[in-house]
Protein chains: 2
Amino acid sequence: MKYELYYWPEIQGRGEYVRLALEEAGAAYLDVARGSGGSGAMMRLMRQGATPPFAPPFLKAGKLVIGQTANILLYLGARHGLAPKTEAGRLWVHQLQLTITDLVLEIHDTHHPLGPSLYYEDQKAPAKKRTEDFWDERVPKYLGYFEGLLKDNGGSYVTGRRITYVDLSVFQIVEGLRYAFPKRMKAFEKKTPSLVSLRDRVAARPKIKAYLESERRIAFNEQGIFRCYKELDA
Amino acid sequence: MKYELYYWPEIQGRGEYVRLALEEAGAAYLDVARGSGGSGAMMRLMRQGATPPFAPPFLKAGKLVIGQTANILLYLGARHGLAPKTEAGRLWVHQLQLTITDLVLEIHDTHHPLGPSLYYEDQKAPAKKRTEDFWDERVPKYLGYFEGLLKDNGGSYVTGRRITYVDLSVFQIVEGLRYAFPKRMKAFEKKTPSLVSLRDRVAARPKIKAYLESERRIAFNEQGIFRCYKELDA
């Protein structure tokens with residue numbers, strides 16, 4: 001079976017967490033909206049079927065249509081060795097992914113504090129304030145949490161010696177923060193050496209390395225979650 | 001086995017989605033931080049064990065400590081008949097719960113657009129703007145989505161004829177929006193008659209009715225997710 005991933009074709013966004021899992025799994029998939037049908041094919045499917053997703057990304061797996069990033073990863077993790085087999089292990093990894101989901105929304109809010117419907121240009125002053133709070137309070141709390149988990153278990157991967165989809169997502173968070181806030185992240189990441197090592201360990205995995213060097217990896221840009229605005233990195 | 005729920009004792013907050021599920025299930029549970037140990041008992045457990053939660057709520061179920069509201073519901077749903085038995089059904093209900101998770105964060109952001117660390121009083125003007133956008137764009141999108149699902153399946157519960165934890169959460173969303181934005185919600189809910197019926201259907205279920213009338217149900221207040229600020233309801 002070839003999976004079909006449906007996500008906005010111009011950005012990494014939330015779809016990227018799914019792409020990284022599919023790539024590490026070596027799973028066959030079609031990134032549908034990047035094909036000739038574009039977003040139109042995606043929007044049509046969104047309004048159909050018994051389980052219409054609220055928003056992209058969603059994954060077609062045979063007859064199943066699965067929405068919500070963390071839910072897609074819950075499904076893929078169980079099938080492709082990217083999560084533990086025990087119920088307790090699966091719940092733990094999923095819990096961590098949901099914590100990353102919260103963090104991703106807070107990252108988005110740094111440039112869109114007044115809501116997702118308005119342009120960044122119309123909320124630059126509040127974005128500056130939210131970004132300050134994000135770096136003062138939230139980044140230390142979130143990244144410190146994952147750094148602590150890595151340290152406590154000896155440090156190969158977040159939940160132990162085997163890679164899970166959470167490690168791929170943490171990699172993406174580090175990459176994204178480096179892109180969006182190069183100065184702030186450069187200073188901050190000195191405090192989280194285990195996270196930096198994890199980032200390097202994930203980037204060096206053969207399938208991930210090949211993916212990152214391929215055209216399948218969309219470049220970061222200012223339409224995605226991680227946006228580089230110089231005034232927010234000051 | 002008696003469950004132990006750990007959540008802030010003063011508010012409904014994110015813990016309420018778990019409380020509603022435990023109550024509807026008729027499960028034996030202790031709301032730990034509302035006991036004599038207070039939040040201290042919760043904070044101590046948060047820093048211990050192999051799966052330390054990032055934040056409350058979390059549930060102790062025997063040896064398991066499960067964090068993240070939607071993850072707790074995933075676990076409880078499977079055990080107490082509050083989710084379908086098939087994998088496809090479980091993923092669908094969980095997907096809907098994660099959409100509610102997103103909505104809950106957007107509701108919180110109406111009064112805290114500049115971040116969770118600052119006081120509301122220090123962000124009243126941005127809160128006003130975010131609230132406008134929330135009611136213009138986001139409420140119609142989210143509540144319209146659930147209204148559509150209810151209509152499409154004939155309308156007893158969101159996913160069909162049997163109640164799931166998602167219905168309990170939708171009930172809480174309607175109750176919360178009525179509390180926080182009485183004028184706006186009164187006008188808006190005319191457009192979502194199926195959601196209003198669902199709210200009434202959930203409220204009339206014997207165990208939920210008994211819970212709502214008990215002291216176990218904390219009253220809405222201005223420390224929680226749903227806050228009633230007159231200036232935001234204008």
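Chain B is superposed on chain A by a rotation of 180° with 0.0 Å of shift along its axis (RMSD 0.0 Å), using least squares on the C-alpha atoms of residues with pLDDT of at least 70 in both. The two copies are therefore related as by a two-fold rotation axis. This is a predicted model, in which local features need pLDDT of at least 70, side-chain atom pairs count only at pLDDT 80 or more, and totals for chains, interfaces and linings use all residues. Residues are numbered from 1 along each chain as its sequence is written, chains are lettered from A and ligands numbered from 1 in the order in which they are written, and side-chain values use heavy atoms, leaving out hydrogens and water.

**Symmetry**
- Pro113(B) comes closest to the rotation axis of the residues of chain B, at 2.6 Å (C-alpha).
- The same surface serves both copies, as 98% of the contact residues of chain B (heavy atoms within 4.5 Å) recur in chain A.

**Cavities**
- The whole structure holds three cavities of 30 Å³ or more; a cavity is a set of points on a 1 Å grid over the protein atoms alone where a 1.4 Å probe fits but cannot get out, and lining residues have an atom within 4 Å of a point.
- Grid points are joined across faces, edges and corners, and a volume is the space filled by probe spheres set on the points.
- About 60 Å³ lies in the second largest cavity, whose lining residues include Ile11(A), Phe220(A) and Phe226(A).

Definitions and conventions
On a 1 Å grid over the protein atoms alone, a cavity is a set of points where a 1.4 Å probe fits but cannot get out, and a pocket is an open set with protein on both sides within 12 Å along at least five of seven lines; lining residues have an atom within 4 Å of a point.
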